[in-house]
Amino acid sequence: MKPLLSIEGLTVELATRDRTFDAVSDLTFVVAPNEVLALVGESGSGKSMTAMAIMRLLPEPLAEIVSGRILFDGIDLARANEATLRGIRGNRIGLIFQEPMTSLNPSIRVGPQVAEVLRLHKGLDTAVARNRVEDLFEQVRIPDPKRRYDDFPHQMSGGMRQRVVIALALACDPDVLIADEPTTALDVTTQAQILETFRDLQAAVGAATILITHDLAVVAETADRVAVMYAGRIVEETATEQLFAAPRHPYTHGLLRSMPHVTEAGEVRTRERLPEIKGTVPALWSLPPGCPFAPRCPRARVQCAAERPRLIELAPGHRAACWYPLEAGA
Amino acid sequence: MTKLLDVRNISKRFTVPRGISGGSAIVHAVDDVSFSIARGETLGLVGESGCGKSTVGKMIVRLLEPSEGQILLEGDDISHASHRAMRPLRRKVQMIFQDPNGSLNPRQRAADLVEEPLIVHGLGSASERGAKVADLFARVGLRSDQMLNVPSKFSGGQRQRLAIARALALNPLLIVADEPVSALDVSIQAQVINLMSDIQKEFGLAYLFVAHDLGIVQHISDRVAVMYLGRIVEIGDTAAVYHRPSHPYTRTLMDAVPRADPTHRHSRIRVPRGEVPSPLNPPTGCAFHPRCPIATDICHQQRPLLRRVASGAEAACHNSD
């Protein structure tokens with residue numbers, strides 16, 4: 001049984017020249033083996049910062065974990081030393097970034113780049129590593145893997161490069177996989193191909209997976225469970241089907257309704273105004289004392305501006321941070 | 001409806017350097033594209049990166065000159081008009097870009113940015129221009145106390161509102177909007193889309209709406225054109241193109257869109273084959289034939305032309321009905 005990843009009260013503080021504030025605040029969640037948890041949110045919601053914190057890739061000391069634990073197989077990553085982390089990153093925790101060129105060295109051929117990881121973490125010799133990489137390339141559906149082994153990253157399309165990055169992340173058969181906007185830079189047909197590959201391989205490897213995205217449709221296609229983030233906090237968390245069928249937090253509800261989706265044949269398309277969420281995302285350093293969504297919330301009452309709601313379980317497996325959540329069947 | 005914009009067989013070729021040997025190659029970024037837009041109508045232009053959709057938009061506002069073909073605006077040919085001749089015509093067509101940071105001078109105050117086109121075109125006295133700017137600010141949902149701020153003081157959504165106010169200043173007939181909301185947060189996209197719909201009704205505007213987000217394009221467009229490797233492969237009413245796609249590429253594109261419905265996940269997905277070929281070396285015949293599930297011999301040899309199909313749309317395919 002693979003270990004799970006458990007985040008407990010994680011808070012990340014960010015220091016800029018002018019001010020210090022929490023970019024991620026009191027985050028608690030668990031990802032089980034074989035499960036895909038989506039962290040979804042808009043820019044500034046703290047979703048990428050969370051991923052960086054788990055990998056301990058924050059630009060310390062500008063951004064630092066100030067409290068909380070990141071428990072992985074009995075180790076608290078929040079307090080682990082650099083030597084321990086080096087043995088875990090890229091080995092037991094695989095990482096996929098949005099832009100493949102940030103993970104790939106442009107001046108090294110793609111095959112040897114992946115082989116290097118296997119030599120480093122698994123001690124494979126060059127010939128064995130090459131065979132293993134060609135297998136991996138085949139698994140991520142790179143056509144003609146023997147020949148593409150010697151390509152430089154720039155000789156590949158964006159979709160192929162992202163496949164190399166997936167191969168790199170999966171090379172050491174990781175226990176945890178973190179994918180930060182893995183298809184955001186790709187065209188829609190390439191995205192469909194990559195998502196399919198990602199889903200299949202994630203299931204095959206059985207890794208506990210965190211998928212970070214702003215795209216609710218990608219969540220619907222890929223995730224088992226969803227945590228919606230707003231202003232550095234989780235505001236709602238539940239199973240994917242439940243979230244789409246009956247969101248309880250007004251922010252989730254607003255996001256789902258404001259998104260024009262491609263309708264199916266026979267479905268009536270209205271050209272009416274889209275339901276908007278008023279206002280803009282608040283600055284993290286000047287959050288209101290109460291619920292951070294209160295100034296934009298159509299359901300907000302006096303209490304919402306004054307007191308910050310805690311993330312509580314409204315129904316089994318369904319958590320929301322809201323004083324006046326929507327009805328379960330609404 | 002009368003044709004406001006009539007685009008006839010436009011092409012755009014770029015010369016690109018090839019390798020270190022000093023040679024060059026020609027890319028047909030846009031190849032023999034025709035369509036029209038009526039007053040007050042929205043035509044959505046979709047396709048994947050490199051298909052030429054942004055190049056079409058830039059030719060219509062004459063940021064680029066077509067290599068071939070004609071662009072008629074209210075009957076006037078603007079495709080090769082000189083700078084001087086373009087000037088009165090520019091008032092009629094404006095453009096909104098994806099990244100308002102790139103189109104708004106960061107050192108100019110917001111009010112000056114909106115007033116500038118009026119000054120350039122010599123319209124109104126100073127006080128008339130001031131009143132017009134105040135009116136535009138209110139119209140796009142910006143506050144009057146923001147008028148003296150520079151663009152960096154605005155959020156992304158507000159900057160796009162500012163770009164819209166600037167585009168509206170000259171009372172254009174047509175706005176070319178190139179990915180106007182794709183850089184914005186999801187909760188802000190709906191605000192800007194609604195604003196664009198509102199001002200369209202109020203000013204009788206037509207839009208050429210260039211975007212890759214098929215949900216947004218469906219919401220806003222009366223008609224939709226689908227491009228693949230520099231050519232329109234299908235064009236027609238939004239419902240026909242989305243619900244009865246005739247070209248196999250349109251079908252591929254529609255199938256590939258992730259749906260925000262977790263209950264229909266695995267049953268629906270039909271993953272497209274292969275990748276978009278290099279525009280430097282496009283396939284013979286129909287450019288889509290190497291990826292097409294219904295390609296036959298003729299598709300390798302002969303380039304299909306747009307023709308009317310059963311859905312009422314036009315599709316460039318030998319084998320669709």
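The expected span of a helix is 1.5 Å times one less than its number of residues. This rule is used in the first legend below, and the model shown in every view is predicted.

**View 1. Helix H7 of chain A and its surroundings.** Helix H7 of chain A covers residues 158–170, 13 residues in total. From the first C-alpha to the last, H7(A) reaches 18 Å, close to the expected 18 Å. Twelve of its 13 residues are buried, so H7(A) is largely enclosed by the rest of the structure. Among the buried residues are A:Gly159, A:Met160, A:Arg161, A:Arg163, A:Ile166 and A:Leu170. The cover over the buried residues of H7(A) includes helices H3 (100–103), H4 (110–122), H5 (126–139) and H8 (188–205) of chain A. Strands E6 (93–96) and E7 (176–180) of chain A are also included in this cover.

**View 2. The open sheet of chain B.** Four strands of chain B form an open sheet in the order E2-E1-E4-E5, with antiparallel pairing. Strand E2 (23–38) and strand E5 (76–77) of chain B stand at the edges with a single partner strand each, so one side of each has no neighbour in the sheet. Strand E1 (residues 3–18) and strand E4 (residues 68–73) of chain B pair over five bridges. Within this pair, B:Arg8 has B:Gln70 of E4(B) as its bridge partner. Strands of a sheet pair through backbone hydrogen bonds.

**View 3. A hairpin in chain A.** Strand E11 (residues 312–315) and strand E12 (residues 318–320) of chain A are antiparallel and share three bridges. A:Glu313 stands opposite A:Arg319 in E12(A). Two residues lie between the strands of this hairpin, and A:Gly317 in the turn has a positive phi of about 75 degrees.

**View 4. The contact between chains A and B.** Chain B and chain A each bring 37 residues to the contact. On the chain B side, helices H7 (186–203), H8 (214–220), H9 (238–243) and H10 (248–256) each supply at least two residues. H7(B) gives the most to this side, with eight residues. By class, the side of chain B that touches chain A has 17 nonpolar, 14 polar and six charged residues.

View 5. Most residues other than glycine have a negative phi, and most peptide bonds are trans. The peptide bond joining A:Glu60 and A:Pro61 is cis, with omega about 5 degrees. A:Pro61 sits in the loop between helix H1 (47–54) and strand E4 (63–72) of chain A. A:Asp26, in strand E2 (residues 20–31) of chain A, has a positive phi near 50 degrees. With 16 other C-beta atoms within 10 Å, A:Asp26 is partly exposed. B:Glu179 also has a positive phi, of about 50 degrees, and lies in the loop between strand E7 (174–178) and H7 of chain B. B:Glu179 is buried because 20 other C-beta atoms lie within 10 Å, and the cut-off for a buried residue is 20 or more.

**View 6. Chain A as a whole.** Chain A contains twelve helices and twelve strands. Its C-alpha atoms fill a box of roughly 65 × 55 × 40 Å along the principal axes. Buried residues make up 46% of the chain. Of the contacts in chain A with a separation of 6 or more, 64% join residues 24 or more positions apart.

Notes: Residues numbered from 1 in each chain as written. Chains lettered and ligands numbered in written order. Predicted model: local features only at pLDDT ≥ 70, side-chain atom pairs only at ≥ 80, totals over all residues. Pairing = 2+ DSSP bridges. Contact = placed C-beta atoms within 7 Å. Nonpolar A, V, L, I, M, F, W, Y, C, P; charged D, E, K, R; others polar.
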